[in-house]
Amino acid sequence: PPIIFEAALSVNKKEFRRRRLSILMFAVFGTLLSSFTAGFMVYFTSLFTGTVFPLLDSLIYGALVSSIDPVAILSVLTSLNMCETDTIFILVFGESLLNDGIAITLFKCLVGRYSNDDDSVT
């Protein structure tokens, strides 16, 4: 959370507001798609290995690994002389900023389901 706070302070707010719909679509749909795809892949792969992971545990794992850190991409974009006003830079930076919050929220929601699910390990 302190890193997210610092990133939120350093973002170009004018460009972020200008591209907020695109950033939100990438962050929300991309994170959810990534989380559930990874979770279902773990679940269905475990069916073939003999050690079956519960679906809830697999989805929690998917939410855990879906948060990405775009430092490498942003450093490459910076080395290509792109700045905070370039569209690709602000989209990647803004998406990564919101992606972390969405992944944390999804993780906490799924962990909260443990009290209602008897098949998962607590």
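**Exercise 1.** What pattern does the protein chain follow, read along the sequence?

*Solution.* Before we start: this is a predicted model, where local features need pLDDT of at least 70 and side-chain atom pairs count only at pLDDT 80 or more, while totals for chains, interfaces and linings use all residues. Residues are numbered from 1 along each chain as its sequence is written, and side-chain values use heavy atoms, leaving out hydrogens and water.

Step 1: look for helices (DSSP runs of H or I, at least four residues) and strands (E, at least two), numbered from the N terminus. Step 2: the tally is six helices and zero strands. Step 3: reading along, you get α-α-α-α-α-α.

**Exercise 2.** Work out how helix 4 is oriented against helix 6.

*Solution.* Step 1: find helix 4 at residues 55-65 and helix 6 at residues 87-112. Step 2: they pack at an angle of about 165°, and their axes are 8 Å apart. (Axes are lines fitted to C-alpha atoms, for helices over the stretch in contact; angles run from 0 to 180 degrees between N-to-C directions.) Step 3: so helix 4 is roughly antiparallel to helix 6, a label for angles over 145 degrees.

**Exercise 3.** Which residues of helix 4 and helix 6 meet?

*Solution.* Step 1: from helix 4, take L56, L59, I60, A63 and L64. Step 2: their partners in helix 6 are A103, L106, F107, L110 and V111. Step 3: sort them by class, and you find ten nonpolar residues, no polar ones and no charged ones. Nonpolar here covers Ala, Val, Leu, Ile, Met, Phe, Trp, Tyr, Cys and Pro; charged covers Asp, Glu, Lys and Arg; the others, Gly among them, are polar.

Technical notes: Parallel < 35°, antiparallel > 145°, perpendicular 65-115°, else oblique. Contact = heavy atoms within 4.5 Å.
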